[in-house]
Amino acid sequence: MTLNIDQISPTRRALLDVFKQRGPSTIAELAERLEMSGEAIRQQLVQLQREGWVEAVVERAETSAAGRPPARFRLTASGDHLFPKNYDALAVMLLDAVAGELGKPAFEKVLAAIADGRVRDWEPRMRGLTLAERVQALKAVYGTGDPYMEVEKVRGGFRLIERNCPFLNIALQRPALCSVTVSALSRLLGVRVVREERFQHGHGRCVFRVVSNEAADPKQGFALEPEPAREPAK
């Protein structure tokens with residue numbers, strides 16, 4: 001589970017807030033600012049270091065005076081990510097800027113480059129594997145050890161079921177992004193892949209149908225995923 005700053009205990013949150021607002025700090029500086037004992041600060045820092053949220057740095061002394069300068073503590077990249085971020089909005093703005101300023105062909109070219117990169121990364125791992133083995137391997141297409149992706153053997157092929165899309169916020173706003181996954185899966189598996197269920201349509205998951213008996217064109221590059229037929233109104 002990914003934590004955020006509001007889920008951290010008040011004492012640790014106070015320490016992390018000092019690092020965020022003041023930057024690297026010594027134990028003495030932290031103790032004075034938070035009105036705590038140095039030992040209490042030290043104990044909290046040990047736990048924060050174990051979590052990977054804080055690290056100690058010893059700055060080089062500017063003079064030749066005897067004695068080692070006190071360690072200063074600061075946020076790690078993981079610790080900084082406990083604070084609110086808005087990468088999704090930035091990604092949507094970038095996609096829209098490409099499409100708006102350079103046109104739809106440029107937008108598709110960007111998506112194609114992303115898909116091509118994923119295919120290049122995965123192709124070496126696919127060599128010598130059967131289709132079933134490739135499908136199993138691609139359970140990790142969104143991330144190693146993804147516990148929310150499963151494979152289901154069905155008549156005529158397989159279904160890859162993803163219940164925790166890591167790009168969901170962006171994909172809900174710009175569904176064309178999902179074409180990257182569909183294209184990459186089809187090219188890596190060598191057969192047609194189609195999305196049967198979509199987060200965008202309220203299914204609560206994406207289901208990629210792997211059609212075993214329909215070979216994909218090995219020369220085919222990236223293509224936008226076709227829009228599914230709309231269900232007739234009842």
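Biologist: Why is E214 called partly exposed?
Modeller: Its relative accessibility is 34%. Buried means under 20% relative accessible area, exposed means over 50%, and partly exposed is in between, with a 1.4 Å probe and protein chains only. The value of 34% falls in between, so E214 counts as partly exposed.

Biologist: What kind of model is this, and how are residues numbered?
Modeller: The model is predicted: local features need pLDDT of at least 70, side-chain atom pairs count only at pLDDT 80 or more, and totals for chains, interfaces and linings use all residues. Residues are numbered from 1 along each chain as its sequence is written, and side-chain values use heavy atoms, with hydrogens and water left out.

Biologist: What makes the pair E214 and R192 a salt bridge?
Modeller: The term needs a side-chain nitrogen of Lys or Arg within 4 Å of a carboxyl oxygen of Asp or Glu. Here N to O is 2.7 Å. That is within 4 Å, so the pair qualifies. E214 lies in strand β6 (residues 206-215) and R192 in strand β5 (residues 191-197), so the bridge ties together parts 22 residues apart in sequence. R192 is partly exposed as well, with a relative accessible area of 38%.

Biologist: How do you know what is a strand and what is a helix?
Modeller: Both are DSSP runs, numbered from the N terminus: helices are H or I with at least four residues, strands are E with at least two.

Biologist: What does the bridge between E225 and R195 link?
Modeller: The closest N and O atoms of E225 and R195 are 2.9 Å apart. The pair links distant parts of the chain, with E225 in the segment after β6 and R195 in strand β5, 30 residues apart. Both residues are buried.

Biologist: How many salt bridges does the structure hold?
Modeller: The count is 17. One of them joins R74 and E55, with the closest N and O atoms 2.8 Å apart. R74 lies in strand β2 (residues 72-75) and E55 in strand β1 (residues 54-57), so this bridge spans 19 residues of sequence. R74 is partly exposed at 35%, and E55 is partly exposed at 30%. There is also a network of salt bridges linking E152, R159, E196 and R209.

Biologist: What makes L160 buried?
Modeller: Its relative accessibility is 0%, so L160 counts as buried. L160 sits in strand β4 (residues 157-162). Beyond four places in sequence, L160 is in contact (heavy atoms within 4.5 Å) with residues including V135, L138, M149, L185 and F208.

Biologist: Is S186 buried or exposed?
Modeller: S186 is at 14% relative accessibility, so buried. S186 lies in helix α9 (residues 179-189). Not counting residues up to four places away, S186 touches V191, R192, V193 and A216.

Biologist: Where is E35, and is E35 buried or exposed?
Modeller: E35 is in the loop between α2 (27-34) and α3 (38-51). The relative accessible area of E35 is 76%, so E35 is exposed. Phi of E35 is near 55°, a positive value in a residue other than glycine.
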